[in-house]
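Here is a short briefing to read alongside the model. Please keep the sequence and the 3D view open as you go.

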Amino acid sequence: MATVIGSRSPRRARLGSGGDVFSLLSSHPDTNPSLTKQSNNGSVSGKNDDTDWVKEQQTSFTQWINQQLKSSEHQMHITDLRSGLKDGLVLIELMKIVAPQSIQFIRYHKSPRLRLQRLENVQIALDCMKRQNIPLLNIEPADIVDGNLKLTLGLLQRLANQYPI
């Protein structure tokens with residue numbers, strides 16, 4: 001990797017002091033068994049760190065969504081990402097707030113009852129995100145409707161990066 005002397009590339013800065021992928025991977029308990037902690041009873045902790053991280057991300061993105069929705073005319077509020085985004089209405093409302101030009105004149109199901117209607121609403125929101133050049137890799141409407149938390153968090157991360165508060 002060629003770099004200019006005296007400057008750090010953003011990618012190198014994100015990887016840490018070692019500057020390579022090996023140092024990044026060796027600092028995570030899943031890829032370096034020596035970093036996992038053993039409790040007094042001999043059980044290994046490492047997965048708890050992941051669940052704590054997921055809970056922290058859930059809380060952060062729920063707050064971010066609710067902060068964005070304060071300016072909504074529909075007075076929406078969510079408490080859980082899995083259930084709050086399933087029908088696609090919150091995603092559509094978010095797109096109306098952060099990129100109103102991308103979702104003008106688009107018809108959607110205002111009170112979706114069927115799975116097909118929820119899938120269509122989520123697809124409308126994803127299409128609007130694509131029009132705003134938000135990269136959506138491996139995210140399908142069914143993932144959001146079915147409550148796939150990791151893919152939902154990834155989608156919200158990309159949206160929050162594009163439109164910070």
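Which residue lies over the face of Y108? K110 does, at 4.1 Å from the ring centre; a charge sits over a ring if NZ of Lys or CZ of Arg is within 6 Å of the ring centre and within 35 degrees of the ring normal. This is a predicted model, where local features need pLDDT of at least 70 and side-chain atom pairs count only at pLDDT 80 or more, while totals for chains, interfaces and linings use all residues. Residues are numbered from 1 along each chain as its sequence is written, and side-chain values use heavy atoms, with hydrogens and water left out.

**The chain overall**
- The protein chain has eight helices and two strands, taken as DSSP runs numbered from the N terminus (helices H or I, at least four residues; strands E, at least two).
- Starting at the N terminus, the order of elements is α-α-β-β-α-α-α-α-α-α.
- Of the 165 residues in the protein chain, 35% count as buried (under 20% relative accessible area; exposed is over 50%, partly exposed in between, with a 1.4 Å probe and protein chains only).
- Among contacts (heavy atoms within 4.5 Å) in the protein chain with a separation of 6 or more, 48% come from residues 24 or more positions apart.

**Helices α5 and α6**
- Helix α5 covers residues 89-98, and its axis lies 8 Å from that of α6, at an angle of about 30 degrees; axes are lines fitted to C-alpha atoms, for helices over the stretch in contact, and angles run from 0 to 180 degrees between N-to-C directions.
- Therefore α5 is roughly parallel to α6 (under 35 degrees; over 145 is roughly antiparallel, 65 to 115 roughly perpendicular and the rest oblique).
- From α5, the contact is made by L89, L91, I92 and M95; from α6, by N121, V122, I124, A125, C128 and M129.
- Eight of the ten residues of α5 are buried, so this helix is mostly covered.
- The buried residues of α5 are L89, V90, L91, I92, E93, L94, M95 and V98.

**A look at R118**
- R118 is found in helix α6, which spans residues 115-131.
- Is R118 buried or partly exposed? R118 counts as partly exposed, because its relative accessibility is 25%.
- Setting aside neighbours within four places in sequence, R118 is in contact with K86, D87, P112, R113 and V145.
- The C-alpha atoms of R118 and A142 are 9.0 Å apart, and these residues are separated by 24 residues along the chain.
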